[in-house]
Amino acid sequence: MTRSFRLAVLECDTPVPPVLEARGTYSEVFRRLLTSGKEGLGARGNEVELEISRYDVVATQAYPNPEEIDGLWLTGSKHCSFSDETWIVSLVEFVKKILTTTKVPVVGICYGHQIISRALGAKVAVSPGGWEISVDKIDLNEHGQKLLGTSTISLHQMHRDAVLEVPEGAVSLGSSPACEIQGLYQAGRFISFQAHPEFDEFIMKNILKVRHDQGIFNDAMFEDGTTRASKHHDGVLVATAIWNFLLAN
């Protein structure tokens, strides 16, 4: 018998215009990723139907009723996760409430990874390692290897801020030369990744172009990132691991 998994996606940003036009909002981007990741579950994947509801937490500051969802997902964002802007503080408070007063499992990607850590009292700030962009390697520790079944993964990166402390009760999943905490996990509560399993070459190249045009990335960064954007990445593998986490709850 097929059952629905009701996933609420908190959209913390809007994709750059070419990506939005071609792929839709981040809810749709993650729907495609999770559909691919579900294939890695084998026969168990056929028993689950994904039902996504989207919430714009920036413009409308809308949030789901925790009693009406089976999982919560926080997207990436160009915004600062340690800012005290009203909508960001509200987001942190909502996530803290979910993690401390409900059993709803939470997933955080990039900005969402940082927001979860902030909600749990860990330090989030500008990364001492600076920008990480495009496809790069992450070395997994024993916890990451147990969840993902491999010692290293490659994922798209697009961040300058980072989680600088492991929240109490959680474990780190791995690191890269520029970022010590590339993922976090607490059984039954949350899983998060600093990188972007949902990105592909098209998305990355468009973000790089926009940020180069804006003067955020210089020519050398832009060329380096563009060169690596077409490399293999393990987004689907990560999506399968996320499904395993969600369904275990």
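**Helix 4 and its surroundings**

Let's start with a helix pair. On the helix 3 side, the residues in contact are Trp 87, Ile 88, Val 89, Leu 91, Val 92, Val 95, Lys 96 and Leu 99. They meet Tyr 111, Ile 115, Ile 116, Arg 118 and Ala 119 of helix 4. Keep in mind that this is a predicted model.

How do these two helices pack? Helix 3 covers residues 86-101, and its axis lies 8 Å from that of helix 4. The packing angle is about 70 degrees. An angle from 65 to 115 degrees counts as roughly perpendicular. Helix 3 and helix 4 are therefore roughly perpendicular to each other. The crossing of helix 3 past helix 4 is right-handed.

Now helix 4 itself. It spans residues 111-119. Is it mostly covered or mostly open? Mostly covered: eight of its nine residues are buried. The buried ones are Tyr 111, Gly 112, His 113, Gln 114, Ile 115, Ile 116, Ser 117 and Ala 119. An α-helix has 3.6 residues a turn, so residues three or four places apart point the same way. After helix 4 comes Gly 121, with a positive phi near 90 degrees.

Gln 114 lies in helix 4. Why does Gln 114 count as buried? Because its relative accessibility is 3%, and the cut-off for buried is under 20%. What does its side chain do? It makes a polar contact with the side chain of Gln 194, at 3.2 Å. Gln 194 is also among the residues that Gln 114 touches, leaving aside those up to four places away in sequence.

Cys 110 sits in the loop between strand 4, residues 106-109, and helix 4. Its phi is positive, about 55 degrees, although Cys 110 is not a glycine. Cys 110 is buried, at 3% relative accessible area.

Cys 110 is in no disulfide, and the nearest cysteine sulfur belongs to Cys 179, 9.3 Å away. The cut-off is 2.5 Å between sulfurs. Cys 179 is buried too, with a relative accessible area of 2%.

Now move one residue along. Glu 180 is in strand 10, which runs over residues 179-186. Is Glu 180 buried or exposed? It counts as exposed, because its relative accessibility is 67%. So Cys 179 is buried, whereas Glu 180 is exposed. Glu 180 touches Ser 172, Gly 174 and Ser 175, not counting residues up to four places away in sequence. How far is Glu 180 from Thr 2? In sequence, 178 residues. In space, 40 Å, C-alpha to C-alpha.

Two loop residues next. Ser 83 lies in the loop between strand 3 and helix 3. At 18% relative accessibility, Ser 83 counts as buried. Its side chain reaches the backbone nitrogen of Glu 85, at 3.0 Å. Ser 83 also touches Ile 88 and Arg 118, again not counting residues up to four places away in sequence.

Gln 61 is partly exposed, with a relative accessible area of 34%.

Last, another helix pair. Helix 2, residues 26-38, packs with helix 8, residues 235-248. The angle is about 80 degrees, and the axes are 8 Å apart. Helix 2 and helix 8 are therefore roughly perpendicular to each other. Which residues make this contact? From helix 2, they are Leu 33, Leu 34, Ser 36, Gly 37 and Lys 38. From helix 8, they are Gly 235, Val 236, Ala 239, Thr 240 and Trp 243.

That's my tour. Thank you.

Key:
Residues numbered from 1 in each chain as written. Heavy atoms only, no water. Buried < 20%, exposed > 50% of the residue type's maximum accessible area, 1.4 Å probe, protein only. Helix = DSSP H or I, 4+ residues; strand = E, 2+ residues; numbered from the N terminus. Polar contact = N/O pair within 3.5 Å; in protein donor to acceptor, adjacent residues only side chain to side chain. Contact = heavy atoms within 4.5 Å. Axes fitted to C-alpha atoms, helices over the stretch in contact; angles between N-to-C directions. Parallel < 35°, antiparallel > 145°, perpendicular 65-115°, else oblique. Left-handed = near helix turned anticlockwise from the far one by under 90°.
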